Amino acid sequence: MPSSLDALNHWVDAVARLTTPDAIHWCDGSEEENAMLAARMRDSGDFIALNPETHPGCHLHRSSPSDVARVEHLTFICTRDPEDAGPNNHWMAPDEAHAKMDALFAGCMRGRTLYVIPYCMGPIGAPNARCGVEITDSPYVVANMRLMTRMGAAALARIEREGHFVKGLHSTGELDPDRRFIMHFPEELAIQSYGSGYGGNALLGKKCHALRIGSWQARQEGWLAEHMLIVGIENPQGETHYVAAAFPSACGKTNLAMLIPPERYRRAGWKVWTVGDDICWMTPGPDGRLWAINPEAGYFGVAPGTGKGTNPNALAMLDRDTIFTNVGVTADGQPWWEGLDDGTPAKDWQGRDFDPANGPAAHANARFTVSAKQCPSWSPRAEDPQGVPISAIVFGGRRPSLVPLVIEARDWTHGVLVGAAMGSETTAAATGAVGVLRRDSMAMKPFCGYNFADYFTHWLSFDKAGAKLPKIFHVNWFRKGADGRFTWPGFGENLRVLEWIVGRCAGTRSARETPIGLLPRAADLDVEGLDLAASDLAMLLDVDLAGWQDELAGIGEYLETFGPRLPAALRREQQRVAAALDEETRPRARAATG
Ligand code: OXD
Ligand code: MN
């Protein structure tokens with residue numbers, strides 16, 4: 001009788017015939033295997049052991065200087081109908097993409113080992129977890145996948161039981177930016193990635209599976225695969241509200257997920273629990289609420305900017321068994337990056353003697369990879385197969401002007417509009433210009449595996465009889481004053497805003513109605529002990545009606561780019577908010593002219 005692993009064996013054989021590796025290694029995820037691979041990489045120079053006294057089990061990896069971030073312009077969704085990929089994706093016909101990739105993969109593993117990585121996204125026993133298998137020729141990818149997923153024997157057993165899995169094929173190739181493609185075949189539940197070793201391009205469980213293929217599966221199966229952190233906020237009464245929050249890459253998701261409450265809150269008994277820092281899979285439960293799991297088992301976080309003041313929890317988890325990529329290093333072999341409080345770099349991320357004339361010691365997108373369990377605020381509920389119930393969904397981006405500190409959407413449809421309209425300044429997490437405002441719906445612009453218009457329809461479809469949906473909010477930690485400096489202190493102080501948010505969910509906090517949603521009055525936010533002028537707080541909570549009229553017009557133009565597939569309910573909602581703004585400005589205009 002054919003075993004349910006036959007499909008896997010056949011695929012591995014076919015890939016081996018195409019790529020012609022010298023050896024094949026099936027990964028079991030064991031300590032011994034990890035030690036063997038680390039030793040192999042130390043020999044080849046892929047890994048540099050860091051100071052064993054201060055950072056036991058830690059390694060530095062220096063990538064090729066031209067391979068330091070995700071490459072959105074080389075990332076394709078390959079569906080039969082280009083309309084299914086939508087204007088938010090680069091599209092290639094599946095046949096053409098396969099032909100291109102087959103040519104690149106042909107013989108590419110000669111002289112290398114082919115690693116087979118069975119992995120599970122989500123707790124191994126979670127009904128909503130999904131399995132995949134990544135074939136790669138990079139031991140660095142294996143070492144990262146071991147931290148980022150549930151990898152090895154247990155995942156293989158689940159695949160054998162279920163008989164299906166997402167197929168990911170990866171080769172670093174020649175690391176040539178001109179021979180680099182990240183292809184997704186959602187109709188085949190397959191991913192092919194060539195020419196890059198960078199996290200989001202090469203750790204296929206992460207963006208490729210858990211978001212691009214995951215979002216496609218989620219639409220078909222009635223759940224949501226989102227670019228969101230998951231954090232538990234425990235109040236002094238011991239009640240925990242779980243919040244899922246979407247921000248574009250490198251906008252502080254990891255910091256928010258690991259927030260340490262300000263001193264006064266800590267003393268009062270507030271606690272923060274980290275469930276996830278990047279990806280959230282949410283499924284409606286029998287009780288009508290959305291239940292979330294973090295499909296990942298580790299953090300692949302941005303190192304620069306991580307310090308005692310910004311994210312002490314992250315710092316505390318990075319002193320052992322961590323892989324650092326493209327950070328600088330001190331004379332005594334400790335990892336170093338800009339924003340770290342102590343030490344001085346001796347070498348920069350490219351291994352040159354550190355010279356400020358060459359730029360920062362760490363690459364702006366330098367990363368750490370570490371097991372989630374090492375985080376001091378790691379939530380035991382992160383392993384709960386049922387997941388956690390979500391009370392609030394929070395959207396946010398880098399908006400230096402206009403957008404208030406926090407807004408509550410008046411209902412689900414309005415919340416979907418708020419998420420769809422999200423905009424943010426671009427960051428170093430992807431190649432391309434930094435600091436340019438772009439619309440990034442639900443922070444999924446680089447990650448939604450299908451047409452955004454259909455994705456908005458899918459989001460709207462959750463609002464049905466019996467649903468007990470989370471409230472939706474929008475936050476902006478990045479508002480700047482006339483002096484060009486951030487007005488809101490951010491980091492741990494963001495708990496003050498989260499307190500209002502969970503208070504709104506519990507029905508214990510008040511708000512004022514405005515055309516763009518519900519906002520706290522100054523008195524509704526606890527700002528005691530903050531060095532924040534009353535005029536600055538007023539600015540953070542102000543609604544600039546004329547500015548918002550322009551913003552709504554911009555949102556309308558953006559939505560129109562999705563053409564007839566855009567759900568009419570979303571267009572109507574944009575028109576409703578625009579009309580509410582017009583209505584609000586009318587008496588003032590009359591008063592001004594009268
Ligand atoms: C990430 C990203 O690596 O969003 O999480 O780029
Ligand atoms: Mn991300």
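Residues are numbered from 1 along each chain as its sequence is written, and chains are lettered from A and ligands numbered from 1 in the order in which they are written. In this predicted model, local features need pLDDT of at least 70, side-chain atom pairs count only at pLDDT 80 or more, and totals for chains, interfaces and linings use all residues, while side-chain values use heavy atoms, with hydrogens and water left out.

An open sheet of mixed pairing is formed by five strands in the order β2-β3-β19-β23-β18. Strands are DSSP runs (E, at least two residues) numbered from the N terminus, and two of them pair if DSSP finds at least two bridges between them. Because β2 (48-49) and β18 (298-302) each have a single partner strand, one side of each of these edge strands is left without a neighbour in the sheet. The pairing of β2 with β3 (residues 59-61) is antiparallel and spans two bridges; here Ile48 stands opposite Leu60 in β3.

Ligand 1 is surrounded by ten residues, each with a heavy atom within 4 Å of the ligand; the closest are Arg70, Lys207, Ser249, Asp278 and Arg367. The shell comprises five charged, three nonpolar and two polar residues. Polar side-chain atoms lie 2.9 Å from a ligand oxygen in the case of Arg70 and 3.1 Å in that of Asp278. For His227, a side-chain N or O atom is 3.3 Å from an oxygen atom of ligand 1. Taken alone, ligand 1 exposes 210 Å², of which the protein buries 96% (Shrake-Rupley method, 1.4 Å probe).

Definitions and conventions. Helices (H or I, at least four residues) and strands (E, at least two) are DSSP runs, numbered from the N terminus. A polar contact is a pair of N or O atoms within 3.5 Å; within protein, one must be able to donate a hydrogen and the other to accept it, and residues adjacent in sequence count only if both atoms are side-chain atoms. Ala, Val, Leu, Ile, Met, Phe, Trp, Tyr, Cys and Pro count as nonpolar, Asp, Glu, Lys and Arg as charged, and the others, Gly among them, as polar.
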